[in-house]
Amino acid sequence: MRERPEGFREGDAMVDLVLPSIERGVLTLTFNRPDRLNAWTDEMGRRYFDQLAEAEKNPEVRVIVVTGAGKGFCAGADFRTLTAIQDGSYAGEPDRRPNTFPTTIRKPIIAAVNGACAGLGMVHALVCDLVFTAAEAKWTTAFARRGLVAEYGLSWILPRLAGQARAMDLLLSGRTFTGAEACELGLANRAVPGERLIEETLAYAHELATYSSPASMAVIKRQIWGDWQQTLEASESAAARLMVDSFTRPDFAEGVASFVERRAPGFPPL
């Protein structure tokens, strides 16, 4: 049975914008504006980031899954927001945390892209650590077709995942492509039929929560995101220091003992 993790308030109206549920160490956060294909608003973004920050502090949470209610993952910025910006009436207060905030959370975050994934929604899928997608989900950068630019670091992320030529194609054309192609391009780890998406994503997440050390996952996540800016020599040197540190943690002793004793590990929470 799933329960709301400690710290989430039932009476807070903003809770409804991002629905949390936790089961066996895996927290699922569901964008909940299905009538708008979960289009991004300041309020939804603030609640999402707040819940990520709370999840990082919650020892019960080891892995986070992010998905969308209804037929969309996130269809980009809400058009009412874009219209208000265009006509000068926008009075919102965007969260001060950058859209890359999920990369700073020490726990692994898996995007389960169940449907429309466009513009800012695509940014938020790709700043997760892993991406599972419905094979039939519709993806698009959309920016060039709206008179906009590659936003929020997507011009940095896309070439690293798909290569420069493919990134150029996706950003310049703004064309729509499927989750199956997103996987072929390297944007997703796995593409599965939509009816199996949540089941397979949660199965993978529970495997991480059960068998992988929270401390190791936190360090590895920092290495992966941080080493993109490092030389091979700098990465190797840092890894050598981190490895020495890992020898002193209880996770190392437990990882070796569980292997020798042929049992599931009992790693401490982060």
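I began with the charges: the 30 positive and 34 negative ones of the protein have mean positions 1 Å apart. I counted Lys and Arg as positive and Asp and Glu as negative, leaving out His and the chain ends; each charge was placed at NZ of Lys, CZ of Arg, CG of Asp or CD of Glu.

The model is predicted: local features need pLDDT of at least 70 and side-chain atom pairs pLDDT 80 or more, while totals for chains, interfaces and linings use all residues. Residues are numbered from 1 along each chain as its sequence is written, and side-chain values use heavy atoms, without hydrogens and water.

Next I searched the whole structure for salt bridges (a side-chain nitrogen of Lys or Arg within 4 Å of a carboxyl oxygen of Asp or Glu) and got 13.

I looked up Arg-190 and found a salt bridge to Glu-200, with the closest N and O atoms 3.5 Å apart. Arg-190 is in strand E10 (residues 190–192) and Glu-200 in helix H7 (residues 197–211), so the pair ties together parts 10 residues apart in sequence. Helices (H or I, at least four residues) and strands (E, at least two) are DSSP runs numbered from the N terminus.

I then checked burial, where buried is under 20% relative accessible area, exposed over 50% and partly exposed in between (1.4 Å probe, protein chains only). Arg-190 is partly exposed at 32%, whereas Glu-200 is buried at 18%. Glu-200 also meets Arg-196 in a salt bridge (2.7 Å, N to O), and Arg-196 is partly exposed at 36%.

Last, I noted that 45% of the 270 residues of the protein count as buried.
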